[in-house]
Amino acid sequence: MKQLMLGNAAAARGLFEGGCEFISSYPGTPSTEITEEAARFKEIYCEWAPNEKVALESAFGACLAGRRAFCGMKHVGLNVAADPLFTMSYTGVNAGLVIGVADDPAMHSSQNEQDSRHHAIASKIPMLEPSDADEAREFAKLAFEISEKFDTPVLYKMCTRIAHSQSITEPGERVAVEHKPYEKNISKYVMAPANAIRRHPFVEQRMKDLEKWSETSGINRIEKATAVIDQSPAVIEPVEITLKNATSNEVVSTSSTTTTGIITSSTSYQYVKEVLGDSVNILKLGMVNPLPGDMIKKFADCLEKLIVVEELDPIIENFVRGLGLKCEIHGKDMFPICGEFSQNLVAAAFGKEVPTGTKLDTAIPVRPPIMCAGCPHRGMFYALNKLKVTVFGDIGCYTLGSVAPLSAMDVTLCMGASFSGLHGWNKAGGAENEKKSVAVIGDSTFMHSGMTGLASIAYNQSNSTVIVLDNSITGMTGHQQNPTTGKNLYGEPAGRVDLEALARAMGINRVRVVDPYNIADCEAAVREELEVEEPSLIISRRPCALLKEVKHNPPLKVDEAKCKSCKMCMKIGCPAIAMKDGKAMVDSTLCVGCGVCKQMCKFGAL
């Protein structure tokens, strides 16, 4: 029966139908729901790993054991997993291994706008790219077949719009897959130099075989009008066309009659179809690495103009230009290299009328992202702001500590970089930096890649004060468990890492715990640790205010007679507090009674 399904849910359904039995992932928007949805199927064991590298290595181990396996992550997570990824290209697999990666054009929830196709090209691993929920389901199944047929891991690329939009799919049945027995093969799986050098020619031949397969498999298809034609050249009717730069509106090319074709994939394909309908000639790609060179040449033989529509980097365009085609080629001269595409942007590029929309006469206040009411990080960030220290930050919802009015963060680079960055800062700057600089990291990010930074501080003895913001959950991606919470992906009791014991075992002798709802204690702890002449760790511990098991106090109220309109309570940036008619006001629907603002008021008005 056909269903309207989220792209990530459809991907999970495809993994189920494809006989997947093992999933290890690290949560990262927009990929997280694939693993969460897959966990609904009792036939698939699912887990959250400490980081993407561990997740991929675990999935590799499962595939060696003869079970089809999957590993999911977002685009920056693939950087973390790149070390095993590149070598897995050489070893190949036993049972099928699929690696899901979700890109985030426009950086809705990411620190960069990375194009994961570069990883596929560099690692010489095939990459599939679905364009809707049904393809997300079908391609997940197909990826296992390709993996086993060509002895390769397969990259499965989503993007925010495909992952988080819904379309029609028709779920199928789960295939019964026999477990593949493991056979010891040192020359294949032990990647010492003498063995690896023999595997490299295999990788190169495999890419040639994959390209040949993709030419006729149907995963890449040529569309003419409403019909899907075969792979031989077809008569392509000329059309009037004006091509423009979608952002500047400058004319790039114009013709009264010309034969034009488009190469595209993923969500860009959907925009092209919505704007240009069935009259356009399209080579729609489902496998974006390796690209089908012969198929592109056949398609281009009938064309005077060839237009590549792809988000982010000109990977397809550069490949096409390298084929020595005779037709006129356009791509990034029409479309931007930054950000997401849209129907309107594609319409503008093809000289179509773009709807202007409805203008609002009323000015709408800016609503920047901000930490939730009762967020346990707020008290610590206020203390850091008050002390005017330089703060090395990290990746998580606490990155919002950089937002005004707290503005308590100076640097955020990547997962786990805060501790390492502070170590280098202090080693280079000496006492001048050590006495007025700290690093902050969340409990989940600490387990992901912060531990090694702490080990470096302890081992190389920089006088660094570091803070773990322990809110007992992985907050930013939607409350996933991590190794410090004592629960697994299913919410069942699991092994729990003791942060205090771990830090001491790593060589940090000064470890203390504070409650971030107590601003005075936070400030005192930071002051004292900055004065000592050795590494120290402060654990700022209180559960996320949004956790279901957290019990809140009654909301606070304002005694207007005592309120002096000093606005000190506004300095913590709590969304539950506002000024109305010159007096502080607390929104009882948001306030959780944490009492942090109460500590700010010298007049007892709260």
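K388 sits in the loop between α15 (377-387) and β18 (390-393). Helices here are DSSP runs of H or I with at least four residues, strands are runs of E with at least two, and both are numbered from the N terminus. Before going on, the ground rules. This is a predicted model, where local features need pLDDT of at least 70, side-chain atom pairs count only at pLDDT 80 or more, and totals for chains, interfaces and linings use all residues. Residues are numbered from 1 along each chain as its sequence is written, and side-chain values use heavy atoms, with hydrogens and water left out.

Back to K388. Its phi is positive, about 55°, although K388 is not a glycine. K388 counts as exposed because its relative accessibility is 64%. The cut-offs: buried is under 20% relative accessible area, exposed is over 50%, partly exposed is in between, with a 1.4 Å probe and protein chains only.

S472 is another non-glycine with positive phi, about 65°. S472 lies in the loop between β21 and α19 (499-505). At 26% relative accessible area, S472 is partly exposed.

Now the cis peptides. One joins T29 and P30, with omega about 15°. P30 is in the loop between β2 (22-25) and α2 (32-38). The other example runs from N289 to P290, omega near -5°. P290 falls in the loop between β15 (287-289) and α12 (293-301).

Last, S462. Is S462 buried or exposed? Buried, because its relative accessibility is 2%. S462 is in the loop between α18 (443-460) and β21 (465-470). Beyond neighbours within four places in sequence, S462 contacts H423, K427, I457 and P535; contact means heavy atoms within 4.5 Å.
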